[in-house]
Each structure stands twice: as structure tokens, then as C-alpha cells.
Amino acid sequence: MLLVVLYCLLWSFQTSAGHFPRACVSSKNLMEKECCPPWTGDGSPCGQLSGRGFCQNILLSNAPLGPQFPFTGVDDRESWPSVFYNRTCQCSGNFMGFNCGNCKFGFWGPNCTNRRLLVRRNIFDLSVPEKDKFLAYLTLAKHTISPDYVIPTGSYGQMNNGSTPMFSNISMYDLFVWMHYYVSRDTLLGGSEIWRDIDFAHEAPGFLPWHRLFLLRWEQEIQMLTGDENFTVPYWDWRDAESCDICTDEYMGGHHPANPNLLSPASFFSSWQIVCSRLEEYNSRQTLCNGTPEGPLLRNPGNHDKARTPRLPSSADVEFCLSLTQYESGPMDKAANFSFRNTLEA
């Protein structure tokens, strides 16, 4: 995994705040390589007139690349986001977002000066109305087209270097499914060639900060969609669990009585459609996931490969992981020994 690209991808979240803002995917934007949309509050690029930010050249790390990816100039994610944009909004103070229209995490108010602390709760501590509200928020996000972001359905080269934009709408929930797919997908080398030993968010130092930011952005989108500024994602404390406690129809979905690959018909999620699941098909066609529904959720809750994962981690396992003092070690990938990150990632 090349650390520099992970760094650039993480940095890009602060500038584009969601990969491809709808306001930045015209042929003019792509060919000029500029994404500095106006903030609606004053109509100026990046809210410059209000001191929120300004348009500037992107900053790329000059750190050496790792040996795991022996290519240059073949993947749109390299030196992100320079293939698509070399000028983006640089936000000031506590402002953030693709047009500096949002507050940094932990702040709120018209000028983003008020601090706030949000607490994520154990899903089993939610009352029935709170749990039902959480599930309703997920459904709303699943069925609401993102007003701010779109997804590319082709590479920059397939877009004729920006002159022929290829983008599609996607729901606010599936946007984050697509983002996780995009950061992890194989590199398409052309013809029938692909490179599988690449992942910009896993098995490398960026695993924790990338996913932390991913969850924060997802929470922020749900907050803006629902108007519930106190929304947080609940968690499941799986330490010492002997089975999948949340794999019931009351929570994430139980077993289907006839098909072990599907959720129970009584599950809240049994009618959901998945996206970005046909990785080998995308590779063979040298194309990207376009967000099209690909069938029902495929789950076999609790019936995982026990030869590979005999049990969930115990409290002792968690304490051992927390006792490791080195965040990263050695090759800084899945072979890293006594690395906190690699142990946590399992």
C-alpha cells in the first residue's frame, strides 16, 4: 500500500468532502481541473467574501511511494485528487466542506464557533422509539438522491480527459457504499489487465483515520438530511459475544427460513437492494460500479466460516490490542508485526 496516496485521499476529504460534488462535474470544471463552488450564503467561491475559505492549488505529499504498487499514472486515485482537480477550496477556521459551507466536526452554529460533543451509544441501550428512528433514518437515506454528490461511471480517460463527463445520481446511503468500494477496488490497467494488490483504505496506516472520517461524514450527511443535529451511529459491543446478538429482525436482520443467503422477510432490511457487489464483472469490463441495484442483501448472519474465524474477539483480545505501543511497524501493510493498526484490523 502506498502511504502517500492514503495521505492524499484523507486530505481530499477535507477539501471535496465527498469525492465528487455535483457542482464540480461539468466539462468546464473537469477540463480546468478546478472545484471551488460558491457558498450559498454569499455566492462567492468557497465563501471567500465571508472569510470561510479560498480557492487554492492542492497540496500533494512528496513522500516516497511504497513498493506494493509498481505503477505511476495508471489509476485515477493516485495523488488524489490531482487527476480530476488541482484547485479546490481551502477552508479557514472551523469551516469545512467542498464549498466551506459546513462546520468541522465538533462545532456548530452560523459561524461554526459553538462546540458540541456527540456520544455514540450501544445499540442495545437505545429505547424502542430511538431504535425505530435510527432505522427510519437509514431508510430515508437509502431512498433519497444525494443533493450534493454524484459518482463517476467511468475513469478520467474514459471521459476523454474531462470533455465528456460520466456521472450518475446515487442515494445518500449508497454514496457511502460506493465510496468504500471505490477506495478499495482493483486498479484497471486496460485490456483485460488488473492489479489486485492495491487498497487505499485497508491493510495500511490509513485504515483507522480513513474509516473514522468516513463515519463522521456519514453521520454528518444523516444529520443534514433529517435535521437531527444530535444523530450518531450506534455501535455493537461484540466483545465476548457467543453469537451475533444484533442478527435479529429487531435489529440488523435474522435468518431467512428457506434461503440461508437472504435475510428474514420480517427484517427491516429484507427489501433493500445492494450496489457495487460485482467486482469481477467490473474488472472484466474495465469499468466502475455505477450504483445500479444488483439484487437483495446477501447475508447469512452468524453462519460465517468458523475455520477461518472461530469466534469473535474476547475482552482479553481487545486489551492485548490496546496494549500495543506501536501504531505501525515494518512494511506497514498486512504483514506488519506487533502493529496496533494491523492487530486491530485483524
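Domain bounds come from an automatic or database domain assignment. The model discussed here is predicted.

Q: How far apart do the C-alpha centres of domain 1 and domain 2 lie?
A: The protein chain is divided into two parts: domain 1 covers 15-61 + 73-117, and domain 2 covers 313-345. The separation of their C-alpha centres is 34 Å.

Q: Do strand S1 and strand S3 run parallel or antiparallel?
A: Strand S1 comprises residues 34-35, strand S3 comprises residues 87-91, and two bridges join them.

Q: Which element gives the most residues to the lining of the second largest pocket?
A: The second largest pocket has a volume of about 480 Å³. Of the 19 residues that line this pocket, those closest to its centre are Gly106, Phe107, Arg116, Leu118 and Gln223. Strand S5 (102-103), strand S6 (107-108) and helix H5 (207-226) each give two or more residues to the lining. With five residues, the element that gives the most is H5.

Q: How many charged residues does the lining of the second largest pocket have?
A: The lining of the second largest pocket can be sorted by residue class. Eight of its residues are nonpolar and six are polar. The number of charged residues is five.

Technical notes:
Residues are numbered from 1 along each chain as its sequence is written. This is a predicted model: local features need pLDDT of at least 70, side-chain atom pairs count only at pLDDT 80 or more; totals for chains, interfaces and linings use all residues. Side-chain values use heavy atoms; hydrogens and water are left out. On a 1 Å grid over the protein atoms alone, a cavity is a set of points where a 1.4 Å probe fits but cannot get out, and a pocket is an open set with protein on both sides within 12 Å along at least five of seven lines; lining residues have an atom within 4 Å of a point. Grid points are joined across faces, edges and corners, and a volume is the space filled by probe spheres set on the points. Helices (H or I, at least four residues) and strands (E, at least two) are DSSP runs, numbered from the N terminus. Ala, Val, Leu, Ile, Met, Phe, Trp, Tyr, Cys and Pro count as nonpolar, Asp, Glu, Lys and Arg as charged, and the others, Gly among them, as polar. Two strands pair if DSSP finds at least two bridges between them.
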